[in-house]
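Here are my notes on the model, point by point. Please read them with the structure open.

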Amino acid sequence: MVNETRLPIWAAAQSIHACGRVLFPDRIASCLTPQLLSKDEISLGNSLVFSDPQFRNLLKSGLGMPKIGGLLLSPYRSFCIFSCLWKIGKLYKSKKSHTFAPLILRGSLEAICTYMNFHQEASRIFGTEKDSVLSINISETYTKYLIRYQSSSGWSVKYVEESLNSSASLTFKDPAIARKAALGKLDSWLALTTGEILLAGRIPMLDKFGYVARIAQREVPLPK
Amino acid sequence: MNNRKQSDLLFRRANQVIPTGIYGHVAPGAGLPLDFPHFCQSGNGCRFIDVDGKEWLDFMCGFGAVLHGYRNPLIDGSVEKQHPYGAVFNQPSQLMVELAEKLVEQIDFAEWAVFAKNGSDLTTWAIRVAREQTGREYVIKARGAYHGVDAWCDPGLGGRIASDRSHILEFEWNDFDQLESLFRKYSGKIAAVILTPYHHPSFGPSILPIGSFWNDVETLCRSYGTALVLDDVRCGWRLHDGGSHKYFGFTPDLAIYSKALGNGYAISACIGSGFFRAGASEVFLTGSCWNDAFAMAAALACLKLVKDQETAESVLRKGTLFCEQLESIAQKCGIPLRMTGVRSMPYPWIEGDDNYYQIQTLCKIAASYGLYFHPHHNWFISNAMNDQDLEQAILLSTEAFEHYERENLSQTK
């Protein structure tokens with residue numbers, strides 16, 4: 001069980017891994033597989049180990065120092081990890097919304113799902129929604145993500161190509177809006193009234209999702 | 001889509017200086033954010049005009065606060081009469097005594113009354129009175145029922161700590177066995193059961209009490225020495241002019257009113273039986289403007305109106321006519337619409353529409369015809385609605401429902 005103190009970095013690591021799975025071949029993406037270790041340490045790809053504060057620094061400033069042992073034992077793999085992190089960080093800064101917004105949104109949804117699974121209050125309020133399915137869409141790009149609960153894996157996000165029935169849907173007007181939302185830079189209250197965000201279906205579920213998303217966005221460091 | 005230029009401009013301004021722009025049950029996200037206006041300019045009778053000048057035939061009545069129509073001349077006239085004297089002083093005005101006397105006279109079990117501004121002020125105070133009187137901690141409510149904005153009961157998500165609800169128990173409305181088992185489990189610890197006259201949650205059909213539910217609840221409370229608190233804030237004077245307990249045939253110990261009590265002037269009242277006077281005397285109660293003589297003048301006028309015009313019967317009759325016709329139009333258009341709950345404040349429910357997509361679409365279309373139909377909250381029938389208004393509402397509803405049917409057909413082709 002992830003404790004709430006470590007939840008922000010765990011959610012960030014999950015988010016990065018999700019982006020990596022989309023961007024890179026499996027072999028490379030596996031370098032980013034996170035694992036929470038004891039003693040406030042986190043590893044990536046089973047090789048590089050960071051203390052929690054150093055991992056947070058890595059995300060926030062790009063400057064985080066791993067434990068020296070992993071670097072020495074697997075220098076090539078370590079290089080791969082830093083390279084992937086650098087590429088992902090660059091995408092977060094990119095203004096090419098159409099190309100990268102779905103990816104950044106995916107990363108953000110992964111972090112939110114991690115909160116829905118492990119944040120005490122978030123998992124409590126989503127406890128009554130386990131039969132519900134939430135679809136998150138970006139108009140113009142045909143991007144559609146489904147968030148649903150499975151007893152084996154908890155809440156998870158999945159890219160889908162076909163339109164499926166959902167309990168509620170949240171649609172971003174275009175990729176630029178989706179990007180702003182994913183980066184926590186969209187005023188969602190205003191966006192609702194301008195049509196930049198469209199809500200439909202089970203509104204109480206969307207309220208809960210918005211609440212948890214705002215907690216996650218406040219706490220989870222974004223890659224830089 | 002409706003023209004909302006001014007509404008949107010105002011919302012942008014509001015959003016700069018008010019968290020979320022507009023909050024609570026009238027927040028854009030709680031209704032139809034692209035179809036309903038954000039701000040109103042004026043109201044008259046059963047209609048209101050938004051800040052873009054569009055007139056709406058209203059079925060929400062200020063979310064229930066207005067029963068006798070916007071700007072009712074008799075009520076506004078009573079307030080006008082008080083204007084030369086003022087509203088709030090160091091001490092209450094004579095109107096407070098007159099209002100308490102009137103409530104004690106009109107509501108059969110009432111032996112005293114106190115006043116505040118909102119329903120929440122007094123639902124929370126009432127359960128504290130019950131706790132004081134009984135010396136017990138626990139309060140039982142129906143799951144999903146709304147009793148206000150305080151931490152023990154608010155429907156929101158933020159700002160809560162676990163202890164806020166550690167002494168609040170819930171049961172499913174109408175499930176008397178479940179309620180009884182809570183009494184057994186917490187024997188001697190339950191201070192109050194607080195319920196609305198019937199179950200009218202948001203985002204779900206309203207549910208009337210079945211069988212002997214209310215009598216059983218009353219008997220149970222009496223046998224355990226628990227206070228039966230009636231939250232009549234929303235239903236008050238829409239079901240019966242002597243309080244909604246008369247409509248369902250039971251007697252509570254405490255009852256709370258607001259909304260229709262002031263017809264838009266902010267006032268709430270808690271009334272109680274003699275037994276609870278001692279508890280009521282010990283629980284501190286005050287507020288900056290709670291002795292507001294304008295609101296009390298309005299409430300006195302409202303109480304006179306409900307008797308003179310038999311308002312409850314009137315809105316029930318109008319609501320029945322409207323609901324029956326609406327269901328009939330819906331049926332002709334292939335929409336399995338049921339107007340649930342009491343006819344003076346019906347909740348629209350489309351069978352099989354568990355995620356509200358259909359009702360949201362239907363209400364969006366209705367909005368384009370100037371009908372203020374809310375997709376997620378019970379509606380309210382204004383007593384200012386006359387035959388012509390009802391006729392127009394039915395005519396516009398027919399057009400809107402046929403429009404909905406055409407859109408549905410074109411989507412399935």
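**Notes on the predicted model**

1. Start with Ile190(B). Ile190(B) sits in strand S7 (residues 190-195) of chain B. The model is predicted. Ile190(B) is buried, because 26 other C-beta atoms lie within 10 Å and 20 or more is the cut-off. Set aside the neighbours within four places in sequence, and Ile190(B) is in contact with Arg136(B), Tyr138(B), Ile140(B), Phe183(B), Tyr224(B) and Thr226(B). Leu169(B) is 21 residues apart from Ile190(B) along the chain, with 9.4 Å between the two C-alpha atoms.

2. Helix H5 covers residues 176-185 of chain B, and helix H6 covers residues 213-224 of chain B. Their axes are 11 Å apart, at an angle of about 5 degrees. H5(B) and H6(B) are therefore roughly parallel to each other.

3. Next, H3 and H9. How do these two helices of chain B cross? The axes of H3(B) (residues 94-106) and H9(B) (residues 293-308) come within 9 Å and cross at roughly 30 degrees. The two helices are therefore roughly parallel to each other. The crossing of H3(B) with H9(B) is left-handed. H3(B) brings Leu95(B), Met96(B), Glu98(B), Leu99(B), Lys102(B) and Gln106(B). They meet Ala293(B), Met296(B), Ala297(B), Ala299(B), Leu300(B) and Leu303(B) of H9(B). The residues of this contact divide into 9 nonpolar, 1 polar and 2 charged.

4. H9(B) also packs on H2(B). Here the axes come within 8 Å and cross at roughly 145 degrees. This crossing is right-handed. From H2(B) come Leu74(B), Ile75(B), Ser78(B), Val79(B), Lys81(B) and Gln82(B). From H9(B) come Ala293(B), Phe294(B), Ala297(B), Ala298(B), Leu300(B), Ala301(B), Cys302(B) and Leu305(B). The contact has 11 nonpolar, 2 polar and 1 charged residues.

5. Look at Ser78(B) in that contact. Ser78(B) is found in helix H2 of chain B. Ser78(B) counts as buried, because 22 C-beta neighbours lie inside 10 Å. Leaving aside neighbours within four places in sequence, Ser78(B) is in contact with Ala297(B), Ala298(B), Leu300(B) and Ala301(B). Asp177(B) is 99 residues apart from Ser78(B) along the chain, and 48 Å separate their C-alpha atoms.

6. Which element gives the most to the largest nonpolar core? The core has 177 residues. Tyr115(A), Ala126(B), Val229(B), Ala269(B), Cys270(B), Ala299(B) and Cys302(B) touch the most other members. H9(B) gives the most to this core, with 13 residues. Beyond four places in sequence, Cys302(B) touches His68(B), Ile75(B), Ala260(B), Leu261(B), Gly262(B) and Asn263(B).

7. Check the backbone at two residues. Most residues other than glycine have a negative phi. Asn263(B) has a positive phi, near 50 degrees. Asn263(B) lies in the loop between strand S9 (254-257) and strand S10 (268-272) of chain B. Cys61(B) also has a positive phi, of about 50 degrees, although it is not a glycine. Cys61(B) is placed in the loop between strand S3 (55-58) and helix H2 (73-82) of chain B. Are these residues buried or exposed? Asn263(B) is buried, with 29 other C-beta atoms within 10 Å. Cys61(B) is buried too, with 30 other C-beta atoms within 10 Å.

8. Last, the interface. 19 residues of chain B are in contact with 18 residues of chain A. Helix H1 (5-17) and helix H11 (357-368) of chain B are the elements that give two or more residues to the chain B side. H1(B) gives the most to that side, with 4 residues. By class, the chain B side has 8 nonpolar, 9 polar and 2 charged residues.

Note on methods: Residues numbered from 1 in each chain as written. Chains lettered and ligands numbered in written order. Predicted model: local features only at pLDDT ≥ 70, side-chain atom pairs only at ≥ 80, totals over all residues. Axes fitted to C-alpha atoms, helices over the stretch in contact; angles between N-to-C directions. Parallel < 35°, antiparallel > 145°, perpendicular 65-115°, else oblique. Left-handed = near helix turned anticlockwise from the far one by under 90°. Contact = placed C-beta atoms within 7 Å. Nonpolar A, V, L, I, M, F, W, Y, C, P; charged D, E, K, R; others polar. Buried ≥ 20, exposed ≤ 12 C-beta atoms within 10 Å, placed from the backbone. Core = buried A, V, L, I, M, F, W, Y, C linked by C-beta atoms within 7 Å.
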